[in-house]
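My notes follow in the order I made them.

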Amino acid sequence: MFTQPRIAPSILSADFMNMERDIRVIEEAGAGFVHVDVMDGHFVPNLTLGVPFVKQLARITELPLDVHLMISNPLEQLPWFLEHKPFMVTVHAEALDESAGEIDRAIDMIHEAGCKAGLALKPDLSADAVAPYIEKLDMVLVMSVYPGFSGQKYIEGSQDKVARVVEIARAAGVAPLIQVDGGLGANDATRAVCAAGADVLVAGSAVFGAEDRAQAVHAMIETACAAQASVRKDA
């Protein structure tokens, strides 16, 4: 929360025929993570990347891999991804049975593998859903679009959910990263979520759809830093 902003370009929007080239561009531009969107065609209406891709990606970049599992059976598939030691693995609260302790189990599995654990919330799920787990989480992912496809418009008011996550974390005396995914760029949405407390920003088309991808990353970082500075000035 309010740490140095980091950009996590989503390779779902990269050129799959030139993936290593695109990875090098974001490395040189100062990206903080490589965001890997894993979709199974069930939890969300799209089918994307899988374990073999994560395995190969880990071989070509030193950037931390930020694996976002948008899948309906995370407890079954987590071991497959954890074998390749991504830096961060995020599961969706909606894909797990809270009453059966499945969220705790997923977080524990990720930590036992030596990885950082994130919990993601779709737009319709209250930020309060993270409260029982906040002390165990390394990151909370606030979806500012409905997951499934890149290029969607930011859902207004998502910054309020970010602010609520900040409140919950501060009340518990912890400071997980807060990531936002959807409709971000060097724009008002980024300014809003960073002013609210986000410090990791996922961007797909805003980076890989830009003519100058390095400049797109730099512009997002500048926008995010300015938003954080404005909050500190007003405090």
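**Helix α5 with helix α6.** I checked α5 and α6 and found them roughly parallel to each other. The axes of α5 (residues 158-172) and α6 (residues 188-196) come within 8 Å and cross at roughly 15 degrees. I worked from a predicted model, in which local features need pLDDT of at least 70, side-chain atom pairs count only at pLDDT 80 or more, and totals for chains, interfaces and linings use all residues. Residues are numbered from 1 along each chain as its sequence is written, and side-chain values use heavy atoms, with hydrogens and water left out.

I noted how the terms are set. Helices (H or I, at least four residues) and strands (E, at least two) are DSSP runs, numbered from the N terminus. Axes are lines fitted to C-alpha atoms, for helices over the stretch in contact, and angles run from 0 to 180 degrees between N-to-C directions. Angles under 35 degrees count as roughly parallel, over 145 as roughly antiparallel, 65 to 115 as roughly perpendicular and the rest as oblique.

Which residues make the contact? On α5 I listed Q159, V162, A163 and V166, and on α6 A192, V193 and A196. Contact here means heavy atoms within 4.5 Å. I sorted the residues of this contact by class and got 6 nonpolar, 1 polar and no charged. In this scheme Ala, Val, Leu, Ile, Met, Phe, Trp, Tyr, Cys and Pro count as nonpolar, Asp, Glu, Lys and Arg as charged, and the others, Gly among them, as polar.

**Helix α3 with helix α4.** Next I took α3 and α4 (residues 102-112). They pack at an angle of about 10 degrees, with their axes 10 Å apart. That makes α3 roughly parallel to α4. L75, L78, P79 and L82 of α3 meet E102, R105, A106, M109 and I110 of α4. I count this contact as 7 nonpolar, no polar and 2 charged residues.

**Helix α1 with helix α2.** At what angle do α1 and α2 cross? The axes of α1 (residues 19-29) and α2 (residues 51-60) cross at roughly 50 degrees and come within 11 Å. That makes α1 oblique to α2. The crossing of α1 past α2 is right-handed. From α1 I wrote down M19, E20, I23, R24 and E27, which meet F53, L57 and I60 in α2. The contact of α1 with α2 has 5 nonpolar, no polar and 3 charged residues.

I then asked which residues of α1 are buried. They are M19, D22, I23, I26 and A29. These cover an arc of only 125 degrees around the axis, which puts them on the same side of α1. The arc is that of the directions from the helix axis to the C-beta atoms. Buried means under 20% relative accessible area, exposed over 50%, partly exposed in between (1.4 Å probe, protein chains only). G30 follows α1 and has a positive phi, near 95 degrees.

In α2, I found V51, V54 and L57 buried. Their arc is only 120 degrees around the axis, which puts them on the same side of α2. P52 and R59 are exposed on the other side of α2. The buried residues of α2 pack against α1, β2 (34-39), β3 (65-70) and α3.

**V217.** I located V217 in helix α8 (residues 213-234). V217 has a relative accessible area of 0% and is buried. Leaving aside neighbours within four places in sequence, V217 is in contact with I7, A29, G30, A31 and V207. V217 and A31 are 186 residues apart in sequence but 6.8 Å apart in space, C-alpha to C-alpha.

**K85.** Is K85 buried or exposed? K85 counts as exposed, at 53% relative accessibility. I found K85 in the loop between α3 (74-82) and β4 (88-92). K85 is not a glycine, although its phi is positive, about 55 degrees. Not counting residues up to four places away in sequence, K85 touches A113 and C115. K85 and A131 are 46 residues apart in sequence and 27 Å apart in space, C-alpha to C-alpha.

Definitions and conventions:
Left-handed = near helix turned anticlockwise from the far one by under 90°.
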